[in-house]
Amino acid sequence: MLQVRELQKLASSLKLEAFQKQMGPFVLIQRPPEAQHGKQTDLLGLPMNVQSTTMARPGAVSSGTLGLLFQFDTLVVATLPPLEGIDELSVGRQPDCELVIDDKSVSKKHATLRWDARQGRATIQDLGSTNGTFLNASIRLRKEKESLLQDGDIISFGEVQFWYLLTATLHAKLSKERRGPMPRGV
């Protein structure tokens, strides 16, 4: 995983089309997994293999969302496989998911993200997860319904939040930050 600040040099050295080819059509940005909350360990301090999903803590979704908004430079970009045409990405705790989230509040098969290149948009569908999938910390997605993602949405899988950004938006933001603030009056 790359930190957002590490992508600034790449964004400033590449034109948008080349940056999109490197990153894909959209990115999912999160706090580093170790910063989300403490990992569960056994008596020797070794990570425990949590077999079942545990209940999410009240307030964890909304507090995690705020962390995404105020810690941009230290956030990391989740690595996703290349997307072309209509692609489906599984999200969950199992190793066979395209986006593996090693967190006990995330179900083994939690949700599905779909990218439609022709329409230039992504949708998300919860797969009946224990702790739910949320948009912008307030809308809990229903299992049977696909929801359209908007550029800038915050997606929560259990207690783990991701900022969904189109790559063009990330490129523009990183290029702007690299140039520095605009002088007053401009």
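Which residue is the bridge partner of Leu 28 in E12? What we have is a predicted model, where local features need pLDDT of at least 70 and side-chain atom pairs count only at pLDDT 80 or more, while totals for chains, interfaces and linings use all residues. Residues are numbered from 1 along each chain as its sequence is written, and side-chain values use heavy atoms, with hydrogens and water left out.

Let's begin with the sheet. Strands, labelled E, are DSSP runs of at least two residues, numbered from the N terminus. Two strands pair if DSSP finds at least two bridges between them. In general, strands of a sheet pair through backbone hydrogen bonds, either parallel or antiparallel. Here, seven strands make an open sheet, ordered E1-E3-E2-E12-E11-E8-E9, with antiparallel pairing. At the edges sit strand E1 (2-3) and E9, each pairing on one side only.

Now back to my opening question: the partner of Leu 28 in E12 is Tyr 164. Strand E2 (residues 26-30) and strand E12 (residues 160-166) are joined antiparallel by four bridges, and Val 27 stands opposite Leu 165. E12 also has four bridges to strand E11 (residues 154-157), again antiparallel; there, Ile 155 faces Phe 162. The hairpin of E11 and E12 has two residues between the strands, and Gly 158 takes a positive phi near 60 degrees in it.

How many of the seven residues of E12 are buried? Six are, where buried means under 20% relative accessible area, with a 1.4 Å probe and protein chains only.

That takes us to the cores. A nonpolar core is a set of buried Ala, Val, Leu, Ile, Met, Phe, Trp, Tyr and Cys residues joined through side-chain atoms within 4.5 Å. The largest one has 23 residues, and Leu 28 and Phe 157 have the most contacts inside it. Among the strands that each supply at least two residues of this core are E2, E11 and E12. A second, separate core has 15 residues, including Met 23 and Trp 163.

Contact, by the way, means heavy atoms within 4.5 Å. Leaving aside neighbours within four places in sequence, Leu 28 is in contact with residues including Val 76, Leu 113 and Tyr 164.

One last stop: Leu 141, in the loop between strand E9 (139-140) and strand E10 (147-148). Why does Leu 141 count as buried? Because its relative accessibility is 6%. Leu 141 touches Ile 124 and Leu 135, among others, not counting residues up to four places away in sequence.

Methods: Buried < 20%, exposed > 50% of the residue type's maximum accessible area, 1.4 Å probe, protein only.
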